[in-house]
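Subject: Structure handover

Hello,

Here is the structure you asked for. My notes on it come after the model.

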Amino acid sequence: MLQTQNDFLREYLPWRDEYISVLLGLEQQINNGQCEDCGGGEGLIRCLSCSGEHAWCSSCAVKAHQHNPFHNLQLWNGKFYQSTTLRDQGYIVYLGHGGRPCPHFQQQSNPPPWSDLGAMEDVFGHGEGDTIYETQLGLSNLVIVHSTGVYSHRVSWCQCPGAEMDRHLHLLKARLFPASITRPQSAFTFDVLDNFLIDALECKTSAMSFYQKLRRFTNNAFPHKIPVSNFFIIVLHAYLTKQDRYRELMRVSQYMEGFDE
């Protein structure tokens with residue numbers, strides 16, 4: 001006999017309180033605040049994108065996500081988990097050598113305390129300009145648009161002789177489509193471009209609506225926190241600013257359509 005919607009609801013109601021209890025239990029601190037990998041650090045970080053429950057210290061979280069730059073992390077603040085980013089934990093995306101640091105890359109262990117004021121701001125507060133310290137290390141800020149949101153990452157470019165002119169190709173080899181050829185400051189994953197093309201084909205989703213969805217994925221509670229003056233620019237008249245990721249999404253998606261023909 002085919003069950004109706006009312007039948008499914010009657011099955012669920014006796015379990016409602018148990019479901020709520022389980023959901024609330026998921027918000028408790030994991031592993032009593034101990035890092036599951038090193039065992040010595042405070043395991044205050046969890047990942048909402050990884051399967052299972054995990055508790056990491058900052059360095060172990062970065063190590064565990066070396067090849068997963070678009071996972072969404074949360075940090076235990078003593079009372080509850082709040083959003084944090086891989087970038088805030090010291091994550092660096094290495095380009096040009098298959099995800100490994102360039103042999104010519106020399107990272108200093110102790111940066112000057114004034115070199116990156118505001119490093120503890122959330123992802124919406126990071127500007128596109130690079131600090132003097134980061135420039136010396138061959139690091140720069142890169143905005144990456146993925147199907148799960150918009151991410152700001154610190155990128156280590158290849159430092160091999162002559163590699164500076166090929167940065168857009170290094171992005172492409174990492175399955176990141178650059179928004180520009182010279183000095184790219186933003187890129188789109190192949191996955192988000194595929195998602196956009198399918199949404200446009202099957203759901204008739206406009207580029208603006210699709211990007212608004214990405215805004216919600218990035219910060220559903222406070223999408224208005226994305227400042228107009230920064231790199232998450234959403235305006236109705238996209239031609240008003242060259243930094244608009246909406247316009248870049250339109251341009252890059254046209255490139256990809258050309259490849260599919």
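This is a predicted model: local features need pLDDT of at least 70, side-chain atom pairs count only at pLDDT 80 or more; totals for chains, interfaces and linings use all residues.

Residues are numbered from 1 along each chain as its sequence is written, and side-chain values use heavy atoms, with hydrogens and water left out.

Salt bridges

The count is three salt bridges, a salt bridge being a side-chain nitrogen of Lys or Arg within 4 Å of a carboxyl oxygen of Asp or Glu. Helices (H or I, at least four residues) and strands (E, at least two) are DSSP runs, numbered from the N terminus. Buried means under 20% relative accessible area, exposed over 50%, and partly exposed in between (1.4 Å probe, protein chains only).

- Arginine 10 pairs with aspartate 7, with the closest N and O atoms 2.5 Å apart. Both lie in helix H1 (residues 5–12), three residues apart, about one turn of the helix. Arginine 10 is exposed at 52%, and aspartate 7 is partly exposed at 22%.
- Glutamate 27 pairs with arginine 46 at 3.0 Å between the closest N and O atoms. Glutamate 27 is in the loop between H2 and S1 and arginine 46 is in strand S1, so the pair ties together parts 19 residues apart in sequence. Arginine 46 is buried at 7%, whereas glutamate 27 is partly exposed at 43%.
- Lysine 213 pairs with aspartate 199, the closest N and O atoms being 3.1 Å apart. Lysine 213 is in helix H7 (residues 207–218) and aspartate 199 in helix H6 (residues 190–203), 14 residues apart.

Sheet

Three strands make an open antiparallel sheet in the order S1-S2-S3; two strands pair if DSSP finds at least two bridges between them. Strands S1 (45–47) and S3 (81–84) are at the edges with a single partner strand each, so one side of each has no neighbour in the sheet. Strand S2 (residues 73–76) pairs with S3 over four bridges. Tryptophan 76 has tyrosine 81 in S3 as its bridge partner.

Cysteines

A search of the whole structure finds zero disulfides, a disulfide being a pair of cysteine sulfur atoms within 2.5 Å. For cysteine 38, the nearest cysteine sulfur is that of cysteine 35, 3.6 Å away. For cysteine 50, the nearest is that of cysteine 47, at 3.5 Å.

Tyrosine 19, in helix H2 (residues 16–25), is partly exposed at 48%.

Regards
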